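Please read this briefing beside the sequence and the 3D view. The points are grouped by topic.

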Amino acid sequence: MKAKAPAKKSALSGQEVAAEKLKKHVLAALQGKIQGNDTSKYFELVRTLGDYRRRLEREPGNEVLAHMATNLVKAVQSNVSLIRENRHDALVTEILQFRLWTSPEIVRAAVLLLVGDLVVVNNAFASTCLQVVVYSFVPPPAPPLPDSLLRLDRWQPSPTESAAQALVINTVQRVFTLVPTAPANMVPLVIQQLPHKLRPREVQCLYLSAMFAVAEMPGGAAVRESLLAAAVEHLLSIDVEIKWEDIVDVRTGQEDEEGDSEDENEVDVDVFQLAGMTENEFNMNPEELRIQHQQQLAMDEAGGL
């Protein structure tokens, strides 16, 4: 009988070996900062993340840089249980400063996964991370589009907008599933971040669509009524709001004619007399006017006797 050949161990690919080394490097950096005996690796990690983030803001299309940033964020995510408040705040700050809507999709997904894990494993970072998630319902404020580029037909999110928001909503769903208190803690943040009524229609629709998605997800049942009520109130405030700027500059066509014909020495006309009322009468409420009118009629009748 032929002897059986020993089973070959599955060899790790070069990428997997590099990923494992990176995870160990991040582990050593986090532990060194906790123990306080070697913080150099930790601060190197923070500087590297910050450098990747700033370079991606300048070069969002740099695929090599995007993969490097993604791998480092994933290495941090694999050691998320070691992240401590007052020990790793600088690291968390760098991660939360990634501009999710303008970052490459692989970076966006990695950062959101890490943010969701931070909420789950460390309550100290929950509020800050939830704020970042809610803020990411829509893109950051940008200059208004030219009129020629505005979509005047039925609103429909672009594929890019849909993909970016879907990652954010998935993060919310995951957090709601793993953290029972998260829905109640998120509602005030969602209401507080409602776009100002003067922001473009596209932003309003995109934010409200995120609100509706959160309200409709299984974990959002407990806060559904609060979210829908806030959405309705916001829609009503937009519908009835009249911008003062829209009416103060409206010209009737009479301004120039009146400006040419007015005499600078002309005596001012009492606007209250034009209305048939004295200034005191103008400031009265309806009940006071009714009583004064009855008194005047009584005096007139007595004088006619």
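This is a predicted model: local features need pLDDT of at least 70, side-chain atom pairs count only at pLDDT 80 or more; totals for chains, interfaces and linings use all residues.

Residues are numbered from 1 along each chain as its sequence is written, and side-chain values use heavy atoms, with hydrogens and water left out.

**The whole chain**

- The protein chain has 15 helices and 0 strands. Helices (H or I, at least four residues) and strands (E, at least two) are DSSP runs, numbered from the N terminus.
- Of its 305 residues, 31% count as buried. Buried means under 20% relative accessible area, exposed means over 50%, and partly exposed lies in between (1.4 Å probe, protein chains only).
- Among contacts between residues at least 6 apart in sequence, 69% join residues at least 24 apart. Contact means heavy atoms within 4.5 Å.

**Helix 1 and helix 2**

- Two packed helices are described by the angle between their axes and the distance between the axes. Axes are lines fitted to C-alpha atoms, for helices over the stretch in contact, and angles run from 0 to 180 degrees between N-to-C directions.
- The axes of helix 1 (residues 14-35) and helix 2 (residues 40-58) come within 7 Å and cross at roughly 120 degrees.
- Helix 1 and helix 2 are therefore oblique to each other. Angles under 35 degrees count as roughly parallel, over 145 as roughly antiparallel, 65 to 115 as roughly perpendicular and the rest as oblique.
- The crossing of helix 1 and helix 2 is left-handed. A crossing is left-handed if the near helix is turned anticlockwise from the far one by less than a right angle, and right-handed if clockwise.
- Helix 1 contributes H25, V26, A28, A29 and K33 to the contact, and helix 2 contributes K41, Y42, F43, E44 and L45.
- By class, the contact of helix 1 with helix 2 has 6 nonpolar, 1 polar and 3 charged residues. Ala, Val, Leu, Ile, Met, Phe, Trp, Tyr, Cys and Pro count as nonpolar, Asp, Glu, Lys and Arg as charged, and the others, Gly among them, as polar.

**Helix 2 and helix 3**

- The axes of helix 2 and helix 3 (residues 63-78) come within 10 Å and cross at roughly 140 degrees, and the crossing is left-handed.
- On the helix 2 side, L45, T48, L49, Y52, R55 and L56 take part; they meet L65, A66, M68, A69, L72, V73 and V76 of helix 3.
- The residues of this contact divide into 11 nonpolar, 1 polar and 1 charged.

**Helix 5 and helix 7**

- The axes of helix 5 (residues 105-121) and helix 7 (residues 159-178) come within 10 Å and cross at roughly 20 degrees.
- Helix 5 and helix 7 are therefore roughly parallel to each other, and the crossing is right-handed.
- Residues in the contact include E105, R108, A109 and L112 of helix 5, and A164, L167 and V168 of helix 7.
- By class, the contact of helix 5 with helix 7 has 10 nonpolar, 2 polar and 4 charged residues.

- In helix 4 (89-96), the buried residues are L91, V92, E94, I95 and L96.
- What covers the buried residues of helix 4 includes helix 1, helix 2, helix 3, helix 5 and helix 6 (126-135).
- Among the buried residues of helix 9 are E202, V203, Q204 and L206.
- At 1.5 Å a residue, the 16 residues of helix 9 (residues 201-216) should span 22 Å, and its end C-alpha atoms are 22 Å apart, which agrees. The expected span of a helix is 1.5 Å times one less than its number of residues.

**Single residues**

- N71 is in helix 3 and is partly exposed, with a relative accessible area of 42%. N71 and K23 are 48 residues apart in sequence and 9.2 Å apart in space, C-alpha to C-alpha.
- N86 lies in the loop between helix 3 and helix 4 and counts as exposed at 57% relative accessibility. Most residues other than glycine have a negative phi. N86 has a positive phi of about 65 degrees although it is not a glycine.
- Q173 is in helix 7 and is partly exposed, with a relative accessible area of 23%. Leaving aside its neighbours within four places in sequence, Q173 is in contact with M217, P218 and G219.
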